[in-house]
Amino acid sequence: MKKRCKIYILLITVFIIGSIIGIKKINKVDLNKNLLLYYNFDDLKESSIIDKSGNEKNGTKVGTAAIDSLGKIKESLLLDGEGSVKLPDNILNGVNEVTISAWVQFNVSNGSDWQRIYDFGNDIDNNLFLSKNRTSTFNSNKNVEGTVGSSLYTDDKWYFVTTTITKDTMIYYENGIEINRKEHLKNKIGNLTKSLENYIGKSKYGTDPNMNGYVDEFRVYNKALTLKEINQLMCYNISDKEIVSIASDEIGLEEKEELSDNISLPTELAGNVKVTWSSSNKEIITSKGKVTQPSGKDDVDITLTAKIEKGKANMVKKVLVSVIPKDAVNCSIKINTSKPKFDISPNLYGLFFEDINYSADGGLYSELVQNDSFEYDDKLENWTLLKRGNGTEADIEVINDQPLNDKNTNYVRLNVSNPEQGAGIINSGYKGISVNKNAKYDFSFWERNSKSQKVNFIIQIESADGKIISDIKNIECVNDKWTNYETELVANSDDKDARLVIYTKELGSVDMDMVSLFPQDTWKGVKHGLRKDLVQMLYDMKPKFLRFPGGCIVQGRDKEDMYQWKDTIGKIEDRKTNKNFWGYYQSYGLGFYEYFKLCEDIGAEPIPVINAGMSWQNAGGDGISSYIAEPGEELNKYIQDALDLIEYANGTVTSTWGKKRAESGHPESFDLKYLAVGNEQWGDEYFERFEEFEKAINKKYPNIKLIVNSGTAPTGKVFDDAWNWSKTKEFKGIVEEHYYMPSDWFLQNTDRYDNYDRNGSEVFVGEYAAQSDNKKSNMETAIAEAAYMTGLERNSDIVKMASYAPLFGKENNSQWTPDMIWFNENEVYGTTSYYVQKLFATNTGNKLLDSIIKLRSNKSSGLFTVSSFDEATGQVIIKVVNATNSTKKVNFDLIGVDKNKLDGTEIKLSTSNIKNENSFINKQKVAPVTKKINGLESKFNYSFDRQSLTIIRLEIVNK
Ligand code: AHR
């Protein structure tokens, strides 16, 4: 005992000396050194914001920005969502490194993730910002880099936020802890030298709201501070008591955790805070977190006590955890492999594609020119006039006299009165045209030369600063009638921000329309086809169906913008541009023919959605559509559209609509089996109309299965009305349900379909997604969806189909989040939800197996499972979702398996932090990992990581 005591004293002495040496080693940063600007906002009486750095860079209050006495340190800046502070220009001039730090607190959420804390730089393509979703983005010449946050700051809580940028690394810190970093930066902070629009509380993106909250101690340094320096800065003028309280949030243990593995007990927290741990039972958990499982039968409950201290300030935090016995498992799962329960729906997992978030034009449809037919409200949007040479005189106008056809009435006229080195038009695509070195592009346009004389056009791709980056093609046009011309261009360098240039050196007026540029490298090499990388993501999921084209887009806000499938087929120049429900334009280059073809290519059943003769019911929040077709002639037109669609998909080549399909290149039927009438409609008016559709379609096409809506939510009157209707009418079709709910809802409702009436209508979960605070897909939402999907599969005798929504989100162009797949002009990544969907869709057998889960105690709840047998491979497929915070051990018993040794694979989706998500910067931060499994017996134990989805495939029948 005495010896031990001596050792302790020795250790403590070494620790104290070590600490003293350590403390001496910390170079205390001179808080004024390298400071470019410092606002402490302690200026209640001043009209401007006074710079305390000595550099006289005072700020200007804009709008309602005010100084408030409730600060983190004395007074602070109060922003109410309307005001901001404008900083002086050129703050970052000549700077090679930077640190921006501040205390921030948000007020009651105003619903936007993108509220800006600060935004520095010239414009949206050259700036550095931090927003409420903890995203610190660094843009330079449209090269977007940065650290992406995964959740919102909690309201009414102060945070110390710091972003540093060196030559090649950007780091985001919170409360003195590094949260994430981006290395190998391509952008340089020196590129923001102009920094003419620098704000606290205001974004450069017009659509983002101003900040609603407080800012204090705002500092900008021309140096990247180190972690120790940042910690010192955070502690500046803050009492040790407060530092201890901030640090105590970072301990990271949950009450009642059921432990079997060692745990990490931090001894040092940000702000030089020390933590000393003690355990109520050192035999089982030491103060260093070493866990020795007890040998008895029962769990052992242990209190872990953390003494958190800095200087004289300290606080104590206690956490109650339990450790399970050595040989114990958290639960047992018995799977009966000899008697499958039922055939799993062959179409269970599929896709819902809506033209939202620029998923079609600017997305899947690979046309690179935006506003190719000059039909936008702002007719020259994305077009500029090119005048080469000082004396060039030319103008452009959009007119509609003698247009290409009556669907496409606008075109551009270029009038050149002095051509010098040439005049023409430039299209900048969707925020820049992305081209790849050596890739080939198809250029085409319609031209009419009013004088009927020879006009030579020069066609090329240029970088944003006017450098030619493709070969140069000449097209000679001699025609006084609209004529289509084509040529091929080859890019000679990579450029994400290129533009298409068409010009002439000749005098006179020329008319142009349908100006187009497509990559040749499309999905399956189809001319003017779909974006290869995006379709590949879908193909890889092996989806069983594709619901299209929406969503609200089908309903329209009014009659004018409803989706009319007949406008979307035939020659591209005959398809009428539509301004859609989501506020942007559809060329319909991705039309119904292309949708059917896409379904065929990816092996999915087509499920078109057609308008039920009613526009969107949510406009006034009262359920009343602004347009509703009267029964009779008006409604019959919509019903006829539905009948014609079926004929278009399935009719013979001699039928009116089947002939049109054949003319587009598909004489064979598309074998349409399902049709959804309406999206998210409800109420008597809807059901009356639906019944009219039903009568006509059943009469002519009795084999088409109809899908009826049940509104927008998983419960409530509208929802119940739909199911009551289906019951009363003994509806033989499918009821479609939609729900976007928080993760907890999904975890709590995995048994939703267990008690659905087996004699009632079948179910199609047409749209669903778990939503996090910041409306992003992260591991937390993905795990909730995975848990829920075990319930869908377990009930797939009645839940016939299910699809996550929305499918695609386009960077900086989205109207709805979360989305399953994100893309920009040249990149794509799958979110955590994508991987969950893909893993379920590609790992489901055809027979459902009964699996009985028995938990050791309710501390183990949070485990979800479903099993199936796949006759094609002879494999049992076990899915386990561990939605808890600790590893879970499970004992499996595969009843009815004769084989002695079972081999197979494990596919696991797991990550260290539940808030982790994928991003353009780190596309596979969370991605599945596969490993081989060998030699299991029919009874075996298996461990499942905290917050993970694991799929075990074992061959139980030789194949
Ligand atoms: O998926 C996004 C939208 O959500 C769909 O357009 C609509 O059906 C639902 O309200």
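Close-up 1. Strand β17 is joined to strand β18 (residues 273–279) by 2 bridges, and the two run antiparallel; strands are DSSP runs of E with at least two residues, helices are runs of H or I with at least four residues, and both are numbered from the N terminus. Two strands are taken to pair if DSSP finds at least two bridges between them. Glu268 has Lys274 in β18 as its bridge partner. The open sheet is formed by 5 strands in the order β16-β20-β19-β18-β17, with mixed pairing. Its edge strands are β16 (258–259) and β17 (268–269), each of which pairs on one side only. This is a predicted model, in which local features need pLDDT of at least 70 and side-chain atom pairs count only at pLDDT 80 or more, whereas totals for chains, interfaces and linings use all residues. Residues are numbered from 1 along each chain as its sequence is written, and side-chain values use heavy atoms, with hydrogens and water left out.

**Close-up 2. Strand β41 and its parallel partners.** Strand β41 (residues 734–742) has 7 of its 9 residues buried, so it is largely enclosed by the rest of the structure; buried means under 20% relative accessible area, exposed over 50%, and partly exposed in between (1.4 Å probe, protein chains only). Strand β40 (residues 705–709) runs parallel to β41 and is joined to it by 3 bridges, with Val708 standing opposite Val735 in β41. Strand β42 (residues 762–771) also runs parallel to β41, through 9 bridges, and Glu762 in β42 is the bridge partner of Ile734.

Close-up 3. The side chains of Arg547 and Glu736 meet in a salt bridge at 3.0 Å, N to O, a salt bridge being a side-chain nitrogen of Lys or Arg within 4 Å of a carboxyl oxygen of Asp or Glu. The pair links distant parts of the chain, with Arg547 in strand β35 (residues 545–548) and Glu736 in strand β41, 189 residues apart. Arg547 counts as buried because its relative accessibility is 0%, and Glu736 is likewise buried, with a relative accessible area of 2%.

**Close-up 4. The salt bridge of Arg134 and Glu174.** The structure holds 53 salt bridges, and in the one between Arg134 and Glu174 the closest N and O atoms are 2.8 Å apart. Arg134 lies in the loop between β8 (126–131) and β9 (136–140), while Glu174 belongs to strand β12 (residues 170–174), so that the pair, 40 residues apart, links distant parts of the chain. Arg134 counts as buried at 13% relative accessibility, as does Glu174 at 9%.

**Close-up 5. A patch of negative charge on the surface.** Glu630, Glu633, Glu634, Asp684 and Glu685 gather in a patch of negative charge on the surface. Helices α7 (633–650) and α9 (683–700) are the elements that give two or more residues to this patch. Such patches are made of residues with over 30% relative accessible area and no salt bridge, like charges being joined within 9 Å and nonpolar side chains (Val, Leu, Ile, Met, Phe, Trp, Tyr) within 5 Å. Asp684 is found in helix α9, and Asp684 is exposed, with a relative accessible area of 61%.

Conventions. Accessible areas come from the Shrake-Rupley method with a 1.4 Å probe; for residues, only the protein chains shown count as cover. Lys and Arg count as positive and Asp and Glu as negative; His and the chain ends are not counted. The place of a charge is taken as NZ of Lys, CZ of Arg, CG of Asp or CD of Glu.
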